[in-house]
Amino acid sequence: MPSNASERDGEPRRAPLAATADNALKIVIVGGFGVGKTTMVGSVSEMRPLSTEEIMTQASVGVDDLSAVRDKRTTTAAFDFGRITIDERRVLYLFGAPGQRRFWFLWNQLFTGSIGAVVLVDTDRVQDSWYAIDRLEHHRTPFVVAVNRFGPGPGLAEVRRALDVSDRVPLVDCDARSRESSRDVLVALVQHVSGPVPGSATSAPTPEDTQ
Amino acid sequence: MNHGPLQRESPDRLYTVTGGRADDARALDAVTLIVSECEPAPGMQSEHAAILLMCTRPTAVVEVSAELELPVSVVRILLLDLLDTGRVTARHPASAVRPAEGHDPETLKQVLLALQRL
């Protein structure tokens, strides 16, 4: 695979984890093609992102995506991932995953047990995110929506209306190329997961409410 | 997103490396960490030998998949062979061992602190 093959700049192909690592965690960045998922993974990963593939197994059929059964061909999906070491025992894997319907089997096969998800949105193609948001709500997976800013565009409140997501879902601007900005998106997600139970009266206001 | 190894891979090889078996219910999590417990032995299936060399330090199932350029579910089957014979051990994520409990507050706190250090 091209993205894995090179050892450019003398960087090792794989940096090993600590021998004590025993608890791996997952966050999934989901969005349409070209929205910047791989860029965001690469911005915060401690290693060059790797890419691999999954094939839809029998176990996935019928659980979540009956539409896949109609397509008799084998369904495959490529995805990228990176990694952030948390401490001597914990390590966080970040996955960049396609959001389209035909790739959603990945959620059953690979992404269950995730801390949560980032829905990465391009304001020119907001509709690309509708299916992912619907599925995440269905799976009761906590998520934040991050608008990858490619230039001037609609404000966050307008994006929220277009996506039809609840006020309880954090919505943030980001630049997926920036390590700091991508980090802030992940921080917003973990704070959201750690915070008040969704639906409680003490949910924090989201940024665009104050604009 | 590139189109990876499967398109180039002959179905025969995928069948051969897994001995024709399907994935089973003991499916390993995508981020279960695999650790070698022995050295590769002469005559061992080449994929098994490659995994043992790769996992001298804890290595996630998806990392093994990327390195071997094989789909995750194929790699899971290879890993189950090695687990069954004690050649590797698996460190399952806490979220897979106790799925109903969610992520504990201490883990979330440590993740937050690590992210803030980035």
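Select chain A first: of its contacts with a separation of 6 or more, 77% are between residues 24 or more positions apart. Two residues are in contact here if their C-beta atoms, placed from the backbone, lie within 7 Å. This is a predicted model, in which local features need pLDDT of at least 70 and side-chain atom pairs count only at pLDDT 80 or more, while totals for chains, interfaces and linings use all residues. Residues are numbered from 1 along each chain as its sequence is written, and chains are lettered from A and ligands numbered from 1 in the order in which they are written.

**Stop 1: chain A as a whole**

Colour chain A by secondary structure. Helices (H or I, at least four residues) and strands (E, at least two) are DSSP runs, numbered from the N terminus. Of the 211 residues of chain A, 46% count as buried. A residue is buried if 20 or more other C-beta atoms lie within 10 Å of its own, exposed if 12 or fewer, and partly exposed in between, with C-beta atoms placed from the backbone.

**Stop 2: the sheet**

Now show the strands of chain A alone. They include an open sheet of seven strands, ordered E2-E3-E4-E1-E5-E6-E7, with mixed pairing. Two strands pair if DSSP finds at least two bridges between them. At the edges are E2(A), residues 50–55, and E7(A), residues 171–174, each of which pairs on one side only. Direction ignored, neighbouring strands of this sheet are turned by 30° against each other on average; the axes are lines fitted to C-alpha atoms, for helices over the stretch in contact, and angles run from 0 to 180 degrees between N-to-C directions.

E2(A) runs antiparallel to E3(A), residues 76–85, and six bridges join them. To find one pair, select A:Glu54, whose bridge partner in E3(A) is A:Ala77.

A:Arg102 sits in the loop between strand E4 (90–98) and helix H4 (105–111) of chain A. It counts as partly exposed because it has 14 C-beta neighbours inside 10 Å.

Strand E6(A), residues 143–148, runs parallel to E7(A) and is joined to it by four bridges. A:Ala146 stands opposite A:Val172 in E7(A). In the loop between helix H6 (156–163) and E7 of chain A, select A:Asp164. Its phi is near 60°, a positive value in a residue other than glycine. A:Asp164 is exposed, because 10 other C-beta atoms lie within 10 Å.

**Stop 3: the nonpolar core**

Show both chains again. A nonpolar core is a set of buried Ala, Val, Leu, Ile, Met, Phe, Trp, Tyr and Cys residues joined through C-beta atoms within 7 Å. The largest one has 84 residues, of which A:Tyr93, A:Leu94, A:Leu106, A:Val118, A:Val119 and B:Val61 touch the most other members. H5(B) gives the largest share of this core, seven residues. Centre on A:Leu106. Leaving aside neighbours within four places in sequence, A:Leu106 is in contact with A:Glu54, A:Ala77, A:Phe79, A:Ala97 and A:Phe111.

**Stop 4**

Select helix H4(B). Seven of its eight residues are buried, so the helix is largely enclosed by the rest of the structure. Among the buried residues are B:Val61, B:Glu63 and B:Glu67. B:Glu69 follows H4(B), in the loop between H4 and H5 of chain B. Its phi is positive, about 55°, although it is not a glycine. With 18 other C-beta atoms within 10 Å, B:Glu69 is partly exposed.

Move to H3(B), residues 46–54, where B:Glu47, B:Ile51 and B:Leu52 are buried. They cover an arc of only 140° around the axis, which puts them on the same side of H3(B); the arc is that of the directions from the helix axis to the C-beta atoms. On the face turned away from that buried side are the exposed residues B:Ser46 and B:Leu53.

**Stop 5: where the chains meet**

Finally, select the contacts between the chains: 40 residues of chain B touch 47 residues of chain A. Helices H1 (5–8), H4 (61–68), H5 (72–84), H6 (94–97) and H7 (105–116) of chain B each supply at least two residues of the side of chain B that touches chain A. H7(B) provides the largest share of that side, nine residues. By class, the side has 24 nonpolar, ten polar and six charged residues. Ala, Val, Leu, Ile, Met, Phe, Trp, Tyr, Cys and Pro count as nonpolar, Asp, Glu, Lys and Arg as charged, and the others, Gly among them, as polar.
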